[in-house]
Amino acid sequence: MNIKGDTALHRAARSGHYECVKAILSLYPETQRLEAVKATNRFGVDVWDYATESDNPDECLKVIRALSRIRVLDRKCRSQRHICYFFE
């Protein structure tokens, strides 16, 4: 974790390296992946936020959705920096 509170998963998502995101998420037990993606840094930014702002958002989000079984319920709440997560 760096001084901002970013984990390796945050950094991989921010950089758009979806293969790294996949590798890191795969290290977590399936029951802990959602929490890893929801973890926020000191500024309230989570892995999903970084993935959406990366150079490769489509692939990053695809990996996150597949491995964490996440769906965003409401796009409007995303723009207000609130994400509604749930398991499939």
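Reader: In which helix do Lys-38 and Glu-35 both lie?
Author: This is a predicted model. Lys-38 and Glu-35 sit three residues apart, about one turn of the helix. Their side chains meet in a salt bridge, 3.5 Å from N to O. The helix that holds both, residues 30-38, is H3.

Reader: Is Glu-35 buried, partly exposed or exposed?
Author: Exposed needs over 50% relative accessible area, and buried needs under 20%. Glu-35 has 48%.

Reader: How many salt bridges does a search of the whole structure find?
Author: One joins Lys-38 and Glu-35. Another joins the side chains of Lys-4 and Asp-6, at 3.7 Å from N to O. The search of the whole structure finds two.

Reader: Which element gives the most to the largest nonpolar core?
Author: This core has 18 residues; Leu-9, Val-21, Leu-25, Val-37 and Ile-64 touch the most other members. Helices H1 (8-15), H2 (18-27), H3, H4 (47-53) and H5 (57-68) each give two or more residues. With five residues, the top contributor is H5.

Reader: Which residues does Leu-25 touch, not counting those up to four places away in sequence?
Author: Leu-25 is among the core members that touch the most others. Leaving out residues up to four places away in sequence, the list is Leu-9, Arg-33, Ala-36, Val-37, Ile-64, Leu-67 and Ser-68.

Definitions and conventions
Residues are numbered from 1 along each chain as its sequence is written. This is a predicted model: local features need pLDDT of at least 70, side-chain atom pairs count only at pLDDT 80 or more; totals for chains, interfaces and linings use all residues. Side-chain values use heavy atoms; hydrogens and water are left out. A salt bridge is a side-chain nitrogen of Lys or Arg within 4 Å of a carboxyl oxygen of Asp or Glu. Helices (H or I, at least four residues) and strands (E, at least two) are DSSP runs, numbered from the N terminus. Buried means under 20% relative accessible area, exposed over 50%, partly exposed in between (1.4 Å probe, protein chains only). A nonpolar core is a set of buried Ala, Val, Leu, Ile, Met, Phe, Trp, Tyr and Cys residues joined through side-chain atoms within 4.5 Å. Contact means heavy atoms within 4.5 Å.
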